[in-house]
Amino acid sequence: MQSIHRLTLEDALVLLRAAEAEATRIGVVQTICIVDDGAHVIALHRMTGARLTGVEIAIAKAFTAAGHQRATHLFNEPPGGPALPGNEAFGIQHMHPGRFAVFVGGFPVVYQGQVVGAVGVSGGNGEQDKAVGAAALAAFEEQVAGAVTA
């Protein structure tokens, strides 16, 4: 028997608010998507002024991170990134056209060792997207740590 944990809307809002706060702090407008473990959108927020294309990109990043249970940038990180030319998953993004992202901005959300969803961030450069994603994940970890001790 296996216990399965699920992100709630309240969890998604914690992730989203922290991501938006970090994006605002570093001065970049982002689109932020939170999905559940099945890669279904729970929350999507396009900050004022964020690119129109960011919506689909953020969703794809979250889809990929949840579905493959890894940060999207790891697909192309040398030397062993599986989506790099010559490696076993080269071209994998063509398996789900428009839904699979192999570049920075998708981060799995983990609870008790289980991927329960993901965050997709689009609108900044790679370092900005990583910072915004990291802020979201840190807020989630703080939230669940507080819930456990309460």
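Predicted model: local features only at pLDDT ≥ 70, side-chain atom pairs only at ≥ 80, totals over all residues.
Student: What makes up the secondary structure of the chain?

Tutor: The chain has three helices and four strands. From the N terminus on, the order is α-β-β-α-β-β-α.

Student: Why is the chain called as compact as a globular protein of its length?

Tutor: Its radius of gyration is 15 Å, and the globule rule gives 15 Å for 150 residues, so the description holds. Along the principal axes, the C-alpha atoms fill a box of roughly 50 × 45 × 25 Å. Of the 150 residues, 47% count as buried.

Student: Why is Arg6 with Asp37 called a salt bridge?

Tutor: The term needs a side-chain nitrogen of Lys or Arg within 4 Å of a carboxyl oxygen of Asp or Glu. For Arg6 and Asp37 the N to O distance is 2.7 Å, so the pair qualifies.

Student: What does the pair of Arg6 and Asp37 tie together?

Tutor: Arg6 lies in the segment before helix H1 (9-26) and Asp37 in the loop between S1 and S2, so the pair ties together parts that are 31 residues apart in sequence.

Student: How many salt bridges does a search of the whole structure find?

Tutor: The search finds three. One of them joins Glu22 and Arg25, whose closest N and O atoms are 2.9 Å apart. Both residues lie in helix H1, three residues apart, about one turn of the helix.

Student: Are Glu22 and Arg25 buried or exposed?

Tutor: Glu22 has 14% relative accessibility, which is under the 20% cut-off, so Glu22 is buried. Arg25 has a relative accessible area of 61%, which is over 50%, so Arg25 is exposed.

Student: How do you know that Lys61 and Asp129 form a salt bridge?

Tutor: Their closest N and O atoms are 3.2 Å apart, and the limit is 4 Å, so the pair meets the criterion. The pair links distant parts of the chain: Lys61 is in helix H2 (residues 54-68) and Asp129 in helix H3 (residues 126-149), 68 residues apart.

Student: Why are Lys61 and Asp129 called buried?

Tutor: Lys61 has 3% relative accessibility. Asp129 has 2%. Buried means under 20%, so the word applies to Lys61 and Asp129.

Student: What makes strand S1 mostly covered?

Tutor: Six of the six residues in S1 (residues 31-36) are buried. Thr31, Cys33 and Val35 point one way, and Ile32, Ile34 and Asp36 the other way. In a regular strand the side chains alternate between the two faces of the sheet.

Student: How do you know that S1 pairs with S2 and with S4?

Tutor: Pairing needs at least two bridges between the strands. S1 and S2 (residues 41-46) have five bridges, so they pair, in the antiparallel sense. S1 and S4 (residues 114-122) have six bridges, so they pair too, also in the antiparallel sense.

Definitions and conventions:
Residues numbered from 1 in each chain as written. Heavy atoms only, no water. Buried < 20%, exposed > 50% of the residue type's maximum accessible area, 1.4 Å probe, protein only. Helix = DSSP H or I, 4+ residues; strand = E, 2+ residues; numbered from the N terminus. Rg over C-alpha atoms; globule rule 2.2 N^0.38 Å.
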